[in-house]
Amino acid sequence: MNLSDEQKVYVQTQTAVDDTLPLSNDEIQKCINLTLRSSGSDIELPSHFAVNVRIVDHNEGLRLNKQYKNENLPTNVLSFEGNLEEEKNLGIKPPFLGDLVICLPVVEKEAIDQEKNFTQHFAHILVHGFLHLLGFDHLNNKDKKSMQDLENIALNDFFLLRQMD
């Protein structure tokens, strides 16, 4: 994918938790933009598209993971691909690339258990989920390494810019 200055992703953030998020809506948008730029994804994207980021509690995370992954525990992030082509054909503007669902309590517990900074771990999970929407996966060692490299590039860029703000 050749990204131009015209490429635009609209990020809608929904929160179903009372907790303060580790990143602001603007920071979530910047993190997604930097991930898109660093991805070099081969999927064809329209010049403008949207992504929904939903931050959920334990119960909603559990329900969604049961329903869609048949697992009886909440997970840190779920990615649900949209249908860009169908939405473009229906005239939906901007068409949705998909939805990311981040279970905040799981991400927070992982950060504690793995002795990671909560904000940095949240950003990592956001980047990871968005890369899945762009078609990346980690089913084998080569793909896993490629995805980790992209995550590191996007996160380094994000936290460098964040320090400069």
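Author: **Strand S4 and its surroundings**

Ser 79 stands opposite Leu 100 in S4, and Val 101 in S4 is the bridge partner of Leu 78. The model is a predicted one, in which local features need pLDDT of at least 70 and side-chain atom pairs count only at pLDDT 80 or more, while totals for chains, interfaces and linings use all residues. Residues are numbered from 1 along each chain as its sequence is written, and side-chain values use heavy atoms, with hydrogens and water left out.

S3 and S4 (residues 96-103) pair in the antiparallel sense over 5 bridges, where pairing requires that DSSP finds at least two bridges between two strands; helices (H or I, at least four residues) and strands (E, at least two) are DSSP runs, numbered from the N terminus. Helix H4 (residues 104-113) packs on the sheet and touches strand S2 (48-56) and S4, contact meaning heavy atoms within 4.5 Å. The direction of H4 makes about 60° with that of S4, given that axes are lines fitted to C-alpha atoms, for helices over the stretch in contact, and that angles run from 0 to 180 degrees between N-to-C directions. Helix H5 (residues 118-133) also packs on the sheet, touching S2, S3 and S4, with its direction at about 145° to that of S4.

With S2, strand S4 pairs in the parallel sense over 7 bridges, and Val 101 in S4 is the bridge partner of Arg 54. S4 is mostly covered, as 6 of its 8 residues are buried (under 20% relative accessible area, with exposed over 50% and partly exposed in between, using a 1.4 Å probe and protein chains only).
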